[in-house]
Every structure is written in structure tokens, then in C-alpha cells.
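Hi,

Here is the structure I promised to pass on. Have a look at it first, and then read on for what I found in it.

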Amino acid sequence: MAVKYFTPEGLLQPTPYHHVAVGTGTTHVHVSGQVARRADGTPVAPGDLAGQVAEALRNTAVGLAGAGASFADVLRLTFYVTRWSPEKIGDFMAGVEAVAEEIGLRLPMPPASLIGVDHLFEPDVLVEVEATALLD
């Protein structure tokens, strides 16, 4: 594995992600924003934040696998969530936890940011996930 995750003493703990990732590979993999859509464009989990988080992460796993990577190689995740408010964290984490084992996403997650946005490219899209990975 080309990535080491850790959270140094002195940083906020516990969090659902590590604060630091150190990558030592040479091939960078960037997976664009993945949403809760099947390959044919069919929406998955309309109106359900947890369901959309899970499906967007599944699609991210497919993108990583296409490049020969997995969540073990991920340096950073970025989540964009529409109309974010702190009371949505339970639904957000439920989506992460529901799919983590299935897709090989270890918890706590790699360093991650959750960014609240007004809207994404379609009104039914509640979440988008981007990943950056590093391979040897």
C-alpha cells in the first residue's frame, strides 16, 4: 500500500476520518465527482441522503477499480452535499457505514472534507464524491 493514514496527537479526535495521509507512489488517480446514478443514468435513492451517499461511494469504488486502485490507495475524499446542515450528519454517516465493508472503505476514512453546496447539476442529486488516490 502506498498510503499511510494517521491522526497526530493535538488534532481533534475522534472524527470519522484521519487528519493526515502520506502517499509514496508515482501514479496519481483522480476520480471525478460520482453521484447516485446507475451507468444508464437511472437515479438511485431519490430524496434519501444515506442511500445516495452509499451509491456515490459505490460508483467511486468502480472508478478506482477501473484505474487499478481501491479505497486502500485513497489519499483524500471530498463530499459535496446539497443544502447541508449539521443535523444531516447522522444520515450522511449512515450511508458511509452502510457501504464501507462492501467497498473496502476503512473507518475512520482517509482525510476528507464535507462541503455544503446550494445545489449540484440536477435537482435530485444530494451528494457528490471525489477521490484522489496514489499507486506505486
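Before the notes, one term: I call a residue buried if its relative accessible area is under 20%, exposed if over 50%, and partly exposed in between. Please keep in mind that this is a predicted model. With that cut-off, 43% of the 136 residues of the protein count as buried.

**Overall picture**

The protein has two helices and six strands, and along the sequence they come in the pattern β-β-β-α-β-α-β-β. Its radius of gyration is 14 Å, close to the 14 Å that the globule rule gives for 136 residues, so the protein is as compact as a globular protein of that length.

Four of the strands make an open sheet in the order 3-6-4-5, with mixed pairing. At its edges you'll find strand 3 (27-34) and strand 5 (112-117), each of which pairs on one side only. Neighbouring strands here are turned by 10 degrees against each other on average, ignoring direction. Helix 1 (residues 49-66) packs on this sheet and touches strand 3, strand 4 and strand 6 (127-135). The direction of helix 1 makes about 30 degrees with that of strand 6.

Which way does strand 4 run relative to strand 5, parallel or antiparallel? Those two pair in the parallel sense, over six bridges. Thr78, for instance, has Ser113 in strand 5 as its bridge partner, and Thr82 stands opposite Val117, also in strand 5. With strand 6 the arrangement is antiparallel, and seven bridges join strand 4 to it; there, Leu77 has Ala131 as its bridge partner. As a reminder, strands of a sheet pair through backbone hydrogen bonds in either sense. Strand 4 is also mostly covered, with seven of its nine residues buried.

**The aromatic cluster**

How many aromatic pairs are there? The count comes to two. One of them is Phe79 with Phe92, an edge-to-face pair at 4.9 Å centre to centre with 85 degrees between the planes. Phe79 sits in strand 4 (residues 74-82) and Phe92 in helix 2 (residues 89-103), so this pair ties together parts that are 13 residues apart in sequence. Phe79 has a relative accessibility of 1%, so it counts as buried. Phe92, at 3%, is buried as well.

Phe92 also pairs with Trp84, again edge-to-face, at 6.3 Å centre to centre and 85 degrees between the planes. Trp84 has 26% relative accessibility and therefore counts as partly exposed. Taken together, the ring pairs link Phe79, Trp84 and Phe92 into a cluster.

Elsewhere, there is a charge over a ring: Lys4 lies over the face of Phe6, at 5.3 Å from the ring centre.

Now for the loops. Most peptide bonds are trans, and most residues other than glycine have a negative phi.

- Gln13 and Pro14 are joined by a cis peptide bond, with omega about -10 degrees; Pro14 is in the loop between strand 1 (3-6) and strand 2 (20-23).
- Leu107 to Pro108 is another cis peptide bond, with omega near 0 degrees; Pro108 is in the loop between helix 2 and strand 5.
- Ala45 has a positive phi of about 60 degrees, although it is not a glycine; Ala45 is in the loop between strand 3 and helix 1.
- Arg83 has a phi near 45 degrees, again positive in a residue other than glycine; Arg83 lies in the loop between strand 4 and helix 2.

Is Arg83 buried, exposed or partly exposed? Its relative accessible area is 46%, so Arg83 is partly exposed.

That's what I have for now.

Cheers

Definitions and conventions
Residues numbered from 1 in each chain as written. Predicted model: local features only at pLDDT ≥ 70, side-chain atom pairs only at ≥ 80, totals over all residues. Heavy atoms only, no water. Phe/Tyr/Trp six-rings, centres within 6.5 Å; stacked < 30°, edge-to-face > 60°. Buried < 20%, exposed > 50% of the residue type's maximum accessible area, 1.4 Å probe, protein only. Lys NZ or Arg CZ within 6 Å of the ring centre and 35° of its normal. Pairing = 2+ DSSP bridges. Axes fitted to C-alpha atoms, helices over the stretch in contact; angles between N-to-C directions. Contact = heavy atoms within 4.5 Å. Rg over C-alpha atoms; globule rule 2.2 N^0.38 Å.
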